[in-house]
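I opened my notebook to get to know a new structure. Here is what I looked up, entry by entry.

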Amino acid sequence: MALFLDTRFLLRKLKDLRCLTPKRTRVKDKWAATRPKYPPTRLALHYFDTTYKVQLGQLWPSVRVAMLSEKKYGALLNNFSQSDVLLDLQAQGCRDFITTRDAQTYMEQNLEVGTVEESSHVFMTKSDAGDQQLSSPQLSTNIKCLVFPRGDVTRFKPARPDIHGLLGYYLMDAASVLPCLALDVQDGHTVLDLCGAPGGKALTLLQTQSIRFLCVNDISASRRLRLKKVLHSYIPKQFLKGGNLRITSFDGTTWEEIESKSFDRVLVDVPCTTDRHSLMEDDNNIFSKNRVSERRRLPQLQLALLLAGIQAACPGGEIVYSTCTLSQSQNQSVVEQAIYQAREDYSIRLEVADLRPLTQMFRNTFHFAPDLSLGEMVIPHLAANFGPIYMCKLKRLA
Ligand SMILES: C[S@@+](CC[C@H](N)C(=O)[O-])C[C@H]1O[C@@H](n2cnc3c(N)ncnc32)[C@H](O)[C@@H]1O
């Protein structure tokens, strides 16, 4: 009885407080009635608990808690900006994870034992690799991405414009730089970024300053607008107008109708369940009830995009497939099926690159999933809360 009275007293007090709140700033009760009983973030968590518990086993609890915590960013340095932010960021305790000592040491050790070859990556499946020595990737020294040390969750300040209005750095998941490094862009290459908006990876690729021609494609008009805004904030006008960069709006799955066998490098960074976003944001969430069929069709769309990317690459060209999901059915299964269909339907033979040299170089910055049959994956961890990012690299033989 006492508890009941207390509750009634509290409710009356709350009502009094509501009367003190100006009407225009009160939250409408109607909102509560239209709110879904199971918001998309909760549906996503339930789905991940069911599938990733099986897929990741003992790793899932730690990956789960990391994905539900604040993610870490990296600051991609903009070589086109004149603002001198590197020293400033270093003074705050950041370091460039690409040219950092750990990665350098790994390169030096491999040089000493004579395992670094001219080519960038070894092409073989992991099971074929056996005890063979691995070659280290040649990394563009122009890509610099600064991160705070492990366990340090300091946030970056927003980047400031230089005298020409260009921003000094771009904040992104530092693990998103890895597919760009794996793509191994060389001087004079032509590159296709098949699903390129809003442009974090395109901007990373442009930092190499090696690309002869970059085509950034995306089907979504709103995301292309974001891409244009990003490019205008980071790349000088004369470069954007110079003919080395083109933005296109095609459905990437039909790329072979436009051209084939033409690009040295193709990045296929497909739409996916964007696991982190799906757990944290109800807005624009692929787990919302009205997007069930879109979500179920994702592997089919991813496969079509990867096959289109493979056909767009020239013989000898290289393709990187990437996602930001942990899902095996959107990662390894898509790549497996694409290799099979490329051979059966288009007579295209592909080799899978062993990306372990890359993971070994950056093992102090990221946590990688152990023992993946195909490709590599950064898995979120509380001390290094980047990812998930999956990547697999293929070389077109003919
Ligand atoms: C993961 S996002 C790409 C992110 C981008 N690579 C970056 O680094 O900023 C996937 C993109 O694929 C685009 N997309 C979805 N379906 C597509 C299609 N059929 N053809 C081309 N782009 C598509 C989406 O609009 C979305 O922008």
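**Entry 1: helix 9.** I began with helix 9, where eight of the eight residues are buried, so the helix is largely enclosed by the rest of the structure. I use "buried" for under 20% relative accessible area, "exposed" for over 50% and "partly exposed" for what lies in between, with a 1.4 Å probe and protein chains only. My helices (H or I, at least four residues) and strands (E, at least two) are DSSP runs, numbered from the N terminus. The buried residues of helix 9 are Gly200, Lys201, Ala202, Leu203, Thr204, Leu205, Leu206 and Gln207. After helix 9 comes glutamine 209, and its phi is positive, near 55°.

**Entry 2: ground rules.** I noted that this is a predicted model, in which local features need pLDDT of at least 70 and side-chain atom pairs count only at pLDDT 80 or more, while totals for chains, interfaces and linings use all residues. Residues are numbered from 1 along each chain as its sequence is written, and side-chain values use heavy atoms, with hydrogens and water left out.

**Entry 3: the ligand.** Which residues are closest to the ligand? I found 21 residues around the ligand, with Asp218, Arg223, Asp251, Gly252 and Asp269 the closest; a residue is near if one of its heavy atoms lies within 4 Å. This shell divides into ten nonpolar, six polar and five charged residues. Here Ala, Val, Leu, Ile, Met, Phe, Trp, Tyr, Cys and Pro count as nonpolar, Asp, Glu, Lys and Arg as charged, and the others, Gly among them, as polar.

I then looked at polar contacts, which are pairs of N or O atoms within 3.5 Å. A ligand oxygen is 2.4 Å from an N or O atom in the side chain of arginine 223. Polar backbone atoms also take part: one of glycine 199 is 2.9 Å from a ligand oxygen, and one of glycine 200 is 3.0 Å from a ligand oxygen. On its own the ligand has 600 Å² of accessible area, and the protein covers 88% of that; such areas come from the Shrake-Rupley method with a 1.4 Å probe. Helix 9 (200–207) and helix 14 (298–312) are the elements that give two or more residues to the shell.

**Entry 4: alanine 308.** I followed helix 14 to alanine 308, which lies in it. Is alanine 308 buried or exposed? Alanine 308 counts as buried, at 1% relative accessibility. Leaving out residues up to four places away in sequence, alanine 308 touches Leu194, Gly252, Thr253 and Trp255, where contact means heavy atoms within 4.5 Å.

**Entry 5: aromatic rings.** I counted 16 aromatic pairs in the structure. Rings of Phe, Tyr and Trp (its six-membered ring) pair if their centres lie within 6.5 Å; planes under 30 degrees apart are stacked, over 60 edge-to-face and the rest tilted. Phenylalanine 148 and phenylalanine 156 make a tilted pair, because their ring centres are 4.9 Å apart and their planes at 45°. Both of these phenylalanines are buried. Tyrosine 170 and tyrosine 234 have ring centres 5.4 Å apart and planes at 85°, so this pair is edge-to-face. Because tyrosine 170 lies in strand 5 (residues 169–172) and tyrosine 234 in helix 10 (residues 221–234), the pair ties together parts 64 residues apart in sequence.

**Entry 6: the whole chain.** Finally I stepped back: the protein chain has 16 helices and 13 strands. Of its 398 residues, 49% count as buried.

Notes: Polar contact = N/O pair within 3.5 Å; in protein donor to acceptor, adjacent residues only side chain to side chain.
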